[in-house]
Each structure stands twice: as structure tokens, then as C-alpha cells.
Amino acid sequence: MARDMTLFVDKKSTTAYLITSSEDNAVMHINELTSNYTSFTGKWKPIFQGRYMEAPTIFQRGEKYYFIGSGRTAWETNYFPYAQSGIG
């Protein structure tokens, strides 16, 4: 079951991705969308397996991509996991 989700469109390739927390928030999934954003291409990748996160967001600044999530504690204070990646 997909829970929290966000949409990210890569500025350089114009490819869109739906990022979802899944499996009781234990895994994030990055799902590639078709060019009209209405269906999946079948390409997907699990990330942060076993990390239990929700509220994903991805953005690009310069040549780097950033991911920010939230620890799974509902409205309680928690850590915010993040990651960054260069293009390539």
C-alpha cells in the first residue's frame, strides 16, 4: 500500500516520478511516470529500505538532487532523514 507521496519532474529530462512511502512506511519507491503523467512506465526503484519514513519530497538545486523525509512519528517531533546526489 502506498501512503505519503509526492511528484517530482526532472528539469533536464522532463521525466516525472511519483515517490511513495510503502510497506507500512518501511520503504520509499521511486516510480517513473509516462510523459503525460497518467500512468507508470514500469520502471521503479525501492530506496531507503527499512528506514521507516513518510512525507517524502525531492527537489533539485544546481547539479544536485535532494531528498527530505520525516521519521514515522505522526505529529511528534522526530529526525528528518535526507540525502543528496549529483547528476550521473
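**Close-up views of strands and loops**

**View 1. Tyr52 in the loop between β4 and β5.** Tyr52 sits in the loop that links β4 to β5 (53-61). As in every view here, the model shown is predicted. Have a look at the backbone: Tyr52 is not a glycine, yet its phi is positive, at about 50 degrees. Is Tyr52 buried, exposed or partly exposed? With a relative accessible area of 38%, Tyr52 is partly exposed, because that label covers values between the 20% limit for buried and the 50% limit for exposed. Tyr52 is also one of the residues in contact with Ser70, the subject of the next view.

View 2. Ser70 belongs to strand β6, which covers residues 64-71. Its relative accessibility is 18%, so Ser70 counts as buried, the cut-off being under 20%. Which residues does Ser70 touch, once neighbours within four places in sequence are set aside? They are Tyr52, Met53, Glu54 and Ala55, together with Asn78, Tyr79 and Pro81.

**View 3. Thr14 in the loop between β1 and β2.** Here you can find Thr14 in the loop that runs between β1 (2-9) and β2. Thr14 is another residue that is not glycine and has a positive phi, near 60 degrees. Is Thr14 buried or exposed? Its relative accessibility of 55% means that Thr14 counts as exposed, since exposed begins over 50%.

View 4. Strand β2 (residues 16-22) runs antiparallel to β3, and six bridges join the two.

View 5. How many of the seven residues of β3 (residues 27-33) are buried? Six of them are, which leaves this strand mostly covered. Beyond its pairing with β2, strand β3 also pairs with β4 (residues 40-47), in the antiparallel sense and over five bridges. A handy landmark is Asn31, with Trp44 as its bridge partner in β4. Follow the chain into the hairpin of β3 and β4 and you meet six residues between the strands. There, Tyr37 takes a positive phi near 65 degrees. As you look along the strands, keep in mind that side chains in a regular strand alternate between the two faces of the sheet.

Technical notes. Residues are numbered from 1 along each chain as its sequence is written. This is a predicted model: local features need pLDDT of at least 70, side-chain atom pairs count only at pLDDT 80 or more; totals for chains, interfaces and linings use all residues. Side-chain values use heavy atoms; hydrogens and water are left out. Buried means under 20% relative accessible area, exposed over 50%, partly exposed in between (1.4 Å probe, protein chains only). Helices (H or I, at least four residues) and strands (E, at least two) are DSSP runs, numbered from the N terminus. Two strands pair if DSSP finds at least two bridges between them. Contact means heavy atoms within 4.5 Å.
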